[in-house]
Structure formats: structure tokens, C-alpha cells
Amino acid sequence: MGLRSYVITRILLTIPTLLLLLTMVFLVMRVLPGDPVALHFEKKADPWQVESMRRQLGLDKPLLTQYAEYVFGLIDVNYFLAHGYPNLGKSMSNFDEVGGQIFSVFPATLELAIYSMIIASVTGILLGVAASKSYNSVLDQLIRGLGTVTYAVPVFFLGIVFQLIFGVYLHWLPTSLRIHPSVPPPATVTGLFTVDSILQGNVIAFFESVKALLLPSLTLGIVLSGIFVRLTRTNMLETLRLDFVTAAKARGLSEDTVTYGYALRNAFLPVLTMMGLQFAALLGGAVLTEKTFSWPGLGGYILDRISSRDYTAIQGAVTMFGLVVALVSLVVDLLYAYFDPRIRL
Amino acid sequence: MVIAGIVIVLAIVVMTALAPWISPHDPSMEAGPVRAPPSFQFPMGTNHLGFDMLSRTMFGGSVMLQVSAFSVLLCFLIGVPLGLFSSYVGGILDNAVSLVIDAVYAFPGLVIAIAVAAVLGPGVVNMALSIAVVYIPSYFRIVRSQVLSIKELTYVEAAKASGAKWYTILSDYVLPNVVPSIVIVATINFADAVLTAAGLTFIGLGVTYDIPDWGWDLTNGRQYLSSGAWWIIFFPGLMIILLALGFTLIGEGLSELLNPKLQR
């Protein structure tokens with residue numbers, strides 16, 4: 001199979017996965033609880049009110065029709081072109097378009113996720129390589145211990161501790177929001193404050209948004225780094241024993257060239273796969289991190305909607321999480337194929 | 001590593017089980033001044049209602065232990081038989097089940113747990129259910145990958161030839177060889193369940209305030225941090241870390257023992 005046909009097959013395979021995902025989200029939100037509208041009002045509304053809301057949201061139609069509307073709404077290209085976001089239905093709290101609400105908060109989550117992933121993978125890989133090079137030494141044990149402990153720390157606890165140290169006691173860094181309230185945020189291009197402020201040459205906004213990002217992304221990054229430490233270490237240990245590494249050493253190549261140029265290159269592929277898999281965990285952790293740091297992203301949105309029992313919005317937000325994960329895993333698989341020539345054969 | 005993990009977990013279980021006898025105060029009764037810092041009388045201080053934090057710490061593990069044990073049991077009872085059966089039968093059934101499981105597996109676990117918990121409402125059983133939904137795929141996948149290779153082995157072939165029924169083959173010949181991997185998944189699952197339960201409590205989908213719970217104390221104590229009352233969150237947080245760490249150590253230690261590639 002050539003690279004091109006692999007790419008096409010992989011993209012086509014995403015479709016049934018997505019459909020399945022949409023179905024599951026729909027089932028969880030609509031079938032499990034019984035009636036979202038009744039749940040929304042917590043038995044306090046009169047039947048007329050419940051009925052009118054049901055009609056307004058299209059929840060009075062048969063389940064199968066609702067399902068079709070949900071799926072076809074998502075792939076409605078005209079709607080997407082007219083609004084700039086997919087049709088995810090209307091919110092139960094204010095009848096706004098859920099898609100629009102989600103697209104306005106999503107960049108905050110994306111920005112947090114990107115920087116956390118960079119922190120997690122870079123520290124994880126560097127520490128993992130260092131540990132594998134000094135196998136069973138004190139350094140190795142220390143790094144492994146660190147990797148294990150970070151895995152066991154609840155992300156919000158670490159966040160609270162950081163807030164306490166760097167925010168409350170030292171006053172170094174802000175403990176909430178994406179940018180200081182007194183600084184006007186950069187005009188929206190990508191929605192990522194750090195990118196937008198650079199594009200507009202807005203130095204103050206850039207520094208302020210980096211400052212606000214530091215604690216949340218460090219929190220999330222550190223918690224996730226443990227997995228990368230462990231995986232890199234194990235893979236490097238296995239790779240460093242292979243003949244081609246010995247051969248490279250025998251040819252007199254420097255330690256660093258052998259480690260990073262030869263061994264890490266080979267040990268990197270499983271780590272890349274792990275980055276894709278961990279992206280889902282990252283988004284989950286982002287929900288808690290956003291709550292800890294009052295970060296106005298998708299996680300904060302979903303929690304806010306849970307407390308107002310806005311089931312259409314929850315469904316939309318969960319769908320969005322699913323779409324992002326599916327997209328990331330597609331990209332990772334394509335990258336994998338690009339880096340690993342065996343896939344192309 | 002494994003032993004250290006077992007010691008930590010056992011110590012916490014024993015402490016929680018003995019809490020009614022060894023705790024100095026009632027965990028949900030005013031025992032002293034409000035937000036008193038750690039002292040000789042209150043070694044872990046008191047919370048905003050004057051409850052003794054040491055007593056709350058001793059009692060507080062029970063919710064997490066129950067939730068994680070129940071969710072692991074559920075995952076085990078559903079994931080393992082499903083994995084065994086589906087992969088042994090193979091064909092369309094296996095493909096269909098795998099597709100569904102993989103879709104769940106790829107999804108952000110905490111988001112599923114949040115969505116399910118939001119729908120089911122708070123409580124120990126509901127928390128366990130929402131966590132179980134997330135981790136069933138891990139069991140299914142590990143069982144499936146093992147069965148696929150085991151069922152081609154000659155001793156299974158021999159059992160088939162001697163006329164053993166499919167359920168005898170699965171339970172007596174295949175299952176024993178899958179158990180080690182399941183145990184590893186289960187211990188990691190325990191650690192994750194503890195952390196997920198803490199997370200669900202943090203966002204308000206956990207237990208109510210009248211039950212002493214580390215997750216609740218940690219969440220609730222947050223608002224008193226600015227007044228400097230660090231002890232309200234510190235000790236519950238530490239206990240959650242210890243419990244999750246105990247399970248992680250067991251799981252990591254076991255998987256290292258069972259990974260032949262790392263043994264020279």
C-alpha cells in the first residue's frame with residue numbers, strides 16, 4: 001500500500017468512527033436519563049412550559065428524527081458556511097446556537113492544550129532519555145519516582161498548590177483568566193491569544209497572555225509528563241540495546257549523536273502515538289485545569305452548562321471534544337505513516 | 001515497588017476501616033475552633049466548621065475506596081468476559097464490538113465520566129458507574145490482544161481436538177494466561193478511578209457534604225486558602241496522592257516484572 005492510498009483509507013476509516021461517536025453521545029444524552037427537558041426544570045415547571053420548550057428545541061419529535069437532525073445538522077455545509085460553525089442545536093438556557101458558543105470558547109482550550117502538550121512531551125522525553133542513559137542509577141530512580149508521583153497527583157490539587165505558591169504568596173503570576181482584565185485582548189484571528197498578539201505586534205498582550213498561560217499549562221503539562229517519561233525511558237532502554245546503536249558507538253560517533261540522532265529517532269514513534277492518545281487525557285485534564293484557573297474554555301463551558309442542566313449544550317460540547325480527538329488521532333496516524341516507512345509498504 | 005504499593009494501599013484501607021474506633025473526634029461534628037491551624041490538640045487543624053481534620057482524613061477514604069473498588073469490579077465483570085468472548089468468536093461480532101470499544105477508548109475519559117455523572121446525578125454508585133464506562137475498553141482491549149495470540153497456540157488446539165466446549169476452553173485454558181495482564185490493568189484502573197472520583201467531586205458531581213470525603217474537603221477547602229488555611233486542603237490532597245500512588249506502584253512494578261524485554 002502506497003502512502004497515498006494509506007492516507008485515503010485512514011481518512012475514510014474516520015467516518016464510521018465519528019458516526020459511532022456521535023451515536024454514543026446522542027444515546028448517553030437522550031436515552032439514558034429519559035427526558036432532558038424535565039431534568040432541566042427539576043420537576044418545578046408546569047407541563048405547559050415543559051411542552052413548549054420541548055417543541056422549541058425539537059425534542060417532541062421521535063427519537064430517530066432527532067438523531068437524524070443531530071447528525072445531519074453537523075454535516076450541514078450551508079449552515080456552516082452561513083454561521084462559521086457547525087449546527088449543534090440550540091441551548092436550553094437561552095436558545096442561542098450551541099455551535100457558536102462552543103466555537104467562541106474553544107480557542108482558549110486549544111491554546112491551553114497545545115502549550116501543556118509541549119511542556120509534557122518535551123520534559124517527559126528529555127527526562128526519559130536522561131533516565132535511560134543512566135539505567136538503574138540514582139538519577140534514573142529519581143526520574144522514575146518523579147514520573148510515578150506526577151501520575152498520582154490530581155491535576156487540580158497541583159493547580160491549587162501552584163496558585164497558592166506563585167499567586168497568593170509570591171504574587172508572581174496571575175491565577176485566573178487568559179489575560180489580565182486591564183489589558184485588552186488581541187483582536188481575534190485564530191483565537192489563540194499568544195498567536196494573535198504576535199500577529200498584531202502587540203507586545204503587552206503577548207506577555208500578559210503568556211503569563212496567564214504559565215500556571216495552567218505547567219500544571220497540566222507536569223501531570224501528563226509522567227507518562228512520557230515512562231514511555232521514553234522504556235523505549236530508549238530497548239533501543240539502546242540494539243545492534244545499530246552499538247555499531248554507531250563503535251564507529252566513534254559522539255554520545256549525543258548516538259542518543260538523540262540514532263536511538264531517540266527510533267524510540268520516538270511510540271512516543272508520537274502516545275501523544276495522540278494522551279491528547280484525549282489532556283482534554284479531560286483541561287476540564288479540571290480550566291475549573292481551577294477560571295480559564296474560559298470548553299471545559300469551563302461544559303461545567304457551567306451542567307450546573308444549569310443545559311443538556312443540548314452539554315451534548316454539543318461533548319461532541320466537540322469527540323471531534324477534536326478524532327481529528328488529532330487522524331493527524332497523528334498520518335504523521336506516523338510519514339515517519340515510519342514500514343507503513344507505506 | 002510492588003510491596004511498597006501494597007503497604008501504602010493496605011495502610012489506607014486499614015486506617016479507613018478502623019476510623020470509627022481510632023479517630024479522636026466525630027468527623028462531622030464541631031470539635032474545636034473554626035479553621036484552627038495544626039496543633040497538639042488538632043494535629044491536622046480544623047476546617048471552616050470546626051470539624052477535626054485528622055478525623056476527617058481517617059474517615060475520608062471510604063468514598064474513594066468504595067467508588068474505585070466498585071468501578072473496578074464492574075469493569076472486570078463486563079470487560080473481561082466481553083473481551084474473551086468477542087475475540088474468541090471473531091468475525092463480524094468481534095469487529096463490531098471492537099469498533100465501539102475503540103471509539104469509547106479514544107474519547108476523553110473524564111469528559112465521558114462527567115457527561116454520564118451529570119446525567120445520573122451524584123452518589124457513590126453513580127460515580128462508580130460513570131468511571132466504569134470509561135475503563136471497560138482498557139480491559140476489553142488487553143484481553144482481546146492476548147486472546148488473539150493465545151487462541152492460535154497448540155495447547156488450545158489440542159483442547160479443541162479433545163472435544164472441550166468453547167466455554168471450557170475460554171475459562172480453563174485461555175483465561176489463566178490472560179490474568180496477569182488483567183491484574184496490571186486493574187491496579188492502574190484503581191489509581192485512575194481514585195483520581196477520576198476526586199475530579200468528579202471537584203466539579204460538584206461527587207458525594208454530598210455530610211459524608212467525610214477527601215475529594216470534598218479538598219474542593220471545599222479551596223475557598224479558605226486566601227486566609228492561609230492550607231491544612232484544610234493539604235492533608236486530603238496528600239491522602240489522594242498516596243492512595244493513587246500506591247496503586248500506581250503496584251501496577252508499574254508488576255508490569256516491569258512481567259516485561260521480559262527489560263530483564264537482562
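A residue is called buried if 20 or more other C-beta atoms lie within 10 Å of its own, and exposed if 12 or fewer do. The model discussed here is predicted.

Q: Which residues of α8(A) are buried?
A: The cut-off for burial is 20 or more other C-beta atoms within 10 Å. The buried residues of α8(A) pack against α10 and α12 of chain A, together with α8, α9 and α10 of chain B. By that criterion, the buried residues in α8(A) are Val155(A), Phe156(A), Phe157(A), Leu158(A), Gly159(A), Ile160(A), Phe162(A) and Gln163(A).

Q: How far apart are the end C-alpha atoms of α8(A)?
A: The helix has 15 residues, and at 1.5 Å a residue these should span 21 Å.

Q: On which residue is the kink in α8(A) centred?
A: The helix α8(A) contains a kink of about 30°. Just after α8(A), His171(A) takes a positive phi of about 55°. The kink itself is centred on Gln163(A).

Q: Which helix supplies the largest share of the side of chain A that touches chain B?
A: The contact takes 37 residues from chain A and 37 residues from chain B. On the side of chain A, α1, α7, α8, α10, α12, α13 and α14 each supply at least two residues. By class, this side has 30 nonpolar, five polar and two charged residues. The largest share, seven residues, comes from α12(A).

Q: Is Ser294(A) buried or exposed?
A: Ser294(A) is placed in the loop between α12 and α13 of chain A, and it has a positive phi of about 45° although it is not a glycine. Most residues other than glycine have a negative phi. Because Ser294(A) has 12 C-beta neighbours inside 10 Å, it counts as exposed.

Q: How many helices does the secondary structure of chain B comprise?
A: Read along the sequence, chain B follows the pattern α-α-α-α-α-α-α-α-α-α. Its C-alpha atoms fill a box of roughly 75 × 45 × 30 Å, taken along the principal axes. With zero strands, the secondary structure of chain B comes to ten helices.

Q: What percentage of the residues of chain B count as buried?
A: Among contacts in chain B with a separation of 6 or more, residues 24 or more positions apart account for 69%. Of the 264 residues of chain B, the share that counts as buried is 48%.

Q: At what angle do α3(B) and α8(B) pack?
A: Residues meeting across this pair include Met64(B), Val67(B) and Phe76(B) in α3(B), and Trp166(B), Leu170(B) and Phe190(B) in α8(B). By class, the contact has 18 nonpolar, three polar and no charged residues. The crossing of α3(B) past α8(B) is right-handed. The axes are 8 Å apart, and the angle is about 145°.

Q: With which residues is Phe202(B) in contact, leaving aside its neighbours within four places in sequence?
A: Phe202(B) lies in helix α8 of chain B and counts as buried because it has 25 C-beta neighbours inside 10 Å. From Val185(B), Phe202(B) is 17 residues apart in sequence and 25 Å apart in space, C-alpha to C-alpha. The contacts of Phe202(B) are Phe156(A), Leu288(A), Lys291(A), Gly215(B) and Thr219(B).

How values were computed
Residues numbered from 1 in each chain as written. Chains lettered and ligands numbered in written order. Predicted model: local features only at pLDDT ≥ 70, side-chain atom pairs only at ≥ 80, totals over all residues. Axes fitted to C-alpha atoms, helices over the stretch in contact; angles between N-to-C directions. Helix = DSSP H or I, 4+ residues; strand = E, 2+ residues; numbered from the N terminus. Left-handed = near helix turned anticlockwise from the far one by under 90°. Contact = placed C-beta atoms within 7 Å. Nonpolar A, V, L, I, M, F, W, Y, C, P; charged D, E, K, R; others polar. Expected span 1.5 Å × (residues − 1). Bend = angle between axes of the 7 residues up to and from the residue.
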